[in-house]
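Let's walk through a structure together, one feature at a time. Keep the 3D view open as you read.

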Amino acid sequence: MNLKVIKKHLVKNSNIAVPYFLQQSHNFLLNVPAGNMSALTDDPNHFVKFCQDIDPAFNAGTFVSRRLYGDYLEFILRQETERSGETLLEEIHCEAIAVRQQSGDNAYQVDLADGRSLRSDQVVLAFGHFSPEDPVPVANVYETGTYISNPWDSVALERIHGDTPVALLGAGLTALDVLFRLTSNNDTRKIYLISRRGLVPQPHRSHPKAPVVAGFPTFLKNVPPTVRAYFRALRLQIKRNAAQGGDWRDVINALRPHTPEIWRRFSVAERQKFLSRVVPYWDIHRHRLAPAAHLRLSGMLKSGQVEAIAGYVQDYKMCGENVSIEIRERHTGRSRKLNVGRVVNCTGPNCNIAKITVPLIVQLRNEGYLKQDPNKLGFEVNDRYQVINNQGHPARNLFYVGPALKASYWEAIAIAELRAHTRYLAEILKE
Ligand SMILES: Cc1cc2nc3c(=O)[nH]c(=O)nc-3n(C[C@H](O)[C@H](O)[C@H](O)COP(=O)(O)OP(=O)(O)OC[C@H]3O[C@@H](n4cnc5c(N)ncnc54)[C@H](O)[C@@H]3O)c2cc1C
């Protein structure tokens, strides 16, 4: 099989999320221990061995830097390119702007931004995350240079002066990335984390236990498939486990391989309930921080340098060179004003394909190649990863793998799940 890997150059102001792990400095740690970050399903220790070749002190429980993980992915690709020879695997650095089926043919034409076109019998869409959607009231300050729409735009972040107070919209892992970046030179600027509930991610344990692979949790077996019933049973199980000296993380970890099945059991309406009411609580327990990063965050919250605010942004107004943000506090209903030099949008990747303005998505959407899922988490793909078109039919040779699989599986954005999906897809492509 002739394989072409199309990668986009890092483009300033692009609303494509840049390859996540490659743009990171060594200051940023993975949120997952090394033992769960192998790219290869059949060699779970592959990444740990790569790290140990650099420093034997690394082990499966180490939280290594994201940059090192980026180096690892590059290393695997380079090794594969050398092994297969350039005639089989070719890396093209250019943005794909359109993918169209050729008439009377099962093949596709892929148009690149530099004017070239490629013909391919099979196409795998693997474009990763898209940068967050802009909140509506921000229109007042959008063009002023005080608002940073893309939290992965390191150039814009580096331009922020050391003592400028900054408001981060969102308080999840993306916001914490930005926070650590903005305080990496021991800057003492004030940072506000604004989110609907004011929650921040929980820490991993210092010595995480490897998850035990077990069958579908018995405590959920006879529970009706509603969000309320499942979470009541989950809380009870966490209590029972704690009474025996266990840790809540083990209960959450044990659910992970069964999340797709639980998601499948929920109706569209129950999924929507989960997304609108439960997801902030689920996210801070499921998407945890490395212990060292959490310690740093706690220190900054304690000293008052960082403030987590639970509330809803009502308005943004320019006030001299600064932005005045009006917030309605969640718990008191009172209005509060913050005066900051910059606002950074960290509300999480945009997965609503109706709102994504990247050329490739616009083309695929407008020409009917994609069908949005009912919960607006991505688009529909069948269990052979074939993309479902807007008429409900699977495309024979157009496939997708990546975080939008969460529309079908919910748990699909971390490497542990993506490597398994990628492996199954590779088998299908070889059929
Ligand atoms: C803050 C944060 C922290 C995270 N930490 C972890 C962690 O510790 N552990 C973990 O397992 N997961 C983590 N994740 C999740 C993980 O990073 C992503 O889900 C994963 O990288 C997705 O892989 P991917 O290959 O689908 O997409 P990506 O890694 O985003 O790669 C997509 C590639 O496609 C390219 N591309 C996009 N569009 C085009 C186009 N039109 N033409 C050409 N090329 C294109 C991009 O430039 C990029 O190279 C984290 C995510 C975030 C946001």
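Q: Is Tyr385 buried or exposed, and how many C-beta neighbours does Tyr385 have inside 10 Å?
A: In this predicted model, Tyr385 has 22 C-beta neighbours inside 10 Å, so Tyr385 counts as buried. The cut-off for that label is 20 or more. You will find Tyr385 in the loop between helix 10 and strand 14.

Q: What is phi like at Tyr385?
A: Phi of Tyr385 is near 65 degrees, which is a positive value in a residue other than glycine. Lys376 is also not a glycine, and has a positive phi of about 55 degrees.

Q: Which residues of helix 1 are buried, and how do I find the side they are on?
A: An α-helix has 3.6 residues a turn, so residues three or four places apart point the same way. In helix 1 (residues 46–54), Phe47, Val48, Phe50 and Cys51 are buried. They cover an arc of only 160 degrees around the axis, so they lie on the same side of helix 1. These buried residues pack against helix 2 (66–84), while Lys49 and Asp53 are exposed on the other side of helix 1.

Q: Next, the sheet. How many strands form the open sheet, and in what order?
A: Strands of a sheet pair through backbone hydrogen bonds, either parallel or antiparallel. Here 7 strands form an open sheet with mixed pairing, in the order 7-13-8-9-10-11-12. Strand 7 (147–148) and strand 12 (335–340) stand at the edges; each has a single partner strand, so one side of each is left without a neighbour in the sheet.

Q: What does strand 8 pair with, and which way do the partners run?
A: Strand 8 (residues 166–169) runs parallel to strand 13 (residues 342–345), joined by 4 bridges. Strand 8 and strand 9 are parallel too, and 4 bridges join them. Follow Leu168 to see both partners: Leu168 stands opposite Val344 in strand 13, and its bridge partner in strand 9 is Leu193. For Leu169, the bridge partner in strand 13 is Asn345.

Q: What about the faces of strand 8, covered or open?
A: Both faces are covered: Val166 and Leu168 are buried on one side of strand 8, Ala167 and Leu169 on the other. Helix 4 (residues 173–182) lies across strand 8, strand 9 (191–195), strand 10 (306–319) and strand 13, and runs at about 160 degrees to strand 8.

Q: Which domains does the assignment give?
A: The domain assignment gives domain 1 (3–129 + 351–430), domain 2 (136–203 + 288–345) and domain 3 (218–286). Domain 2 and domain 3 have C-alpha centres 30 Å apart, and 7 residues of domain 2 are in contact with 4 residues of domain 3.

Technical notes: Residues are numbered from 1 along each chain as its sequence is written. This is a predicted model: local features need pLDDT of at least 70, side-chain atom pairs count only at pLDDT 80 or more; totals for chains, interfaces and linings use all residues. Helices (H or I, at least four residues) and strands (E, at least two) are DSSP runs, numbered from the N terminus. A residue is buried if 20 or more other C-beta atoms lie within 10 Å of its own, exposed if 12 or fewer, and partly exposed in between; C-beta atoms are placed from the backbone. Two strands pair if DSSP finds at least two bridges between them. Two residues are in contact if their C-beta atoms, placed from the backbone, lie within 7 Å. Axes are lines fitted to C-alpha atoms, for helices over the stretch in contact, and angles run from 0 to 180 degrees between N-to-C directions. The arc is that of the directions from the helix axis to the C-beta atoms. Domain bounds come from an automatic or database domain assignment.
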